[in-house]
Amino acid sequence: MDEVEVVVAHSERATLRVGDVFLKVDADQARIDAEVEAMELAPVPTPEVLWRQPPVLAVAAVPGT
């Protein structure tokens with residue numbers, strides 16, 4: 001297993017990185033739903049949604065630097 005890195009954490013959400021996967025843990029499912037919808041509509045490269053199982057959203061790292 002790769003190292004687990006805490007990218008950001010506060011009272012509403014925590015984002016962890018494990019290798020090339022970001023895990024976004026958010027108790028408010030509506031925020032995660034809005035984020036996924038925004039990524040689908042964005043005209044720029046966005047991370048691939050790997051899976052969603054409340055309260056966690058797993059997304060792939062965006063390629064590049």
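Reader: Leaving aside its neighbours within four places in sequence, which residues is Lys-24 in contact with?

Author: They are Arg-13, Ala-14, Thr-15, Ile-32, Glu-35, Pro-55, Val-56, Leu-57 and Val-59. Contact means heavy atoms within 4.5 Å. This is a predicted model, in which local features need pLDDT of at least 70 and side-chain atom pairs count only at pLDDT 80 or more, while totals for chains, interfaces and linings use all residues. Residues are numbered from 1 along each chain as its sequence is written, and side-chain values use heavy atoms, with hydrogens and water left out.

Reader: Why is Lys-24 called buried?

Author: Its relative accessibility is 17%. Buried means under 20% relative accessible area, exposed means over 50%, and partly exposed lies in between (1.4 Å probe, protein chains only). Therefore Lys-24 counts as buried.

Reader: What makes Lys-24 and Glu-35 a salt bridge?

Author: Their side chains come to 2.5 Å, N to O. A salt bridge needs a side-chain nitrogen of Lys or Arg within 4 Å of a carboxyl oxygen of Asp or Glu, so this pair qualifies. Side chains of opposite charge can pair when their charged atoms come close.

Reader: Where in the chain do Lys-24 and Glu-35 lie?

Author: Lys-24 is in strand 3 and Glu-35 is in helix 1, eleven residues apart. The pair links distant parts of the chain. Helices (H or I, at least four residues) and strands (E, at least two) are DSSP runs, numbered from the N terminus.

Reader: Which other residue forms a salt bridge with Glu-35?

Author: Arg-13 does, with the closest N and O atoms 2.8 Å apart. Here too, distant parts are linked: Glu-35 in helix 1 and Arg-13 in strand 2, 22 residues apart. Glu-35 has 17% relative accessibility, so it counts as buried. Arg-13 has 16%, so it counts as buried.

Reader: Which residues are linked in a network of salt bridges?

Author: Glu-12, Arg-13, Lys-24, Asp-26, Asp-28, Arg-31 and Glu-35 are. The count of salt bridges comes to eight.

Reader: How do you know that the span of helix 1 agrees with its number of residues?

Author: Helix 1 has 13 residues, 29–41. The expected span is 1.5 Å times one less than the number of residues.

Reader: Why do we say that the buried residues of helix 1 line one face?

Author: Ile-32, Glu-35, Val-36 and Met-39 are buried in helix 1. Seen down the axis, the buried residues fall within an arc of 95 degrees, so they line one face. The arc is that of the directions from the helix axis to the C-beta atoms. An α-helix has 3.6 residues a turn, so residues three or four places apart point the same way. What covers these buried residues includes strand 2 (13–18), strand 3 (21–26), strand 4 (49–53) and strand 5 (56–60).

Reader: Which residues make up the largest nonpolar core?

Author: Phe-22, Ile-32, Val-36, Met-39, Leu-57 and Val-59 do, six residues in all. A nonpolar core is a set of buried Ala, Val, Leu, Ile, Met, Phe, Trp, Tyr and Cys residues joined through side-chain atoms within 4.5 Å. Helix 1 supplies the largest share of this core, three residues.
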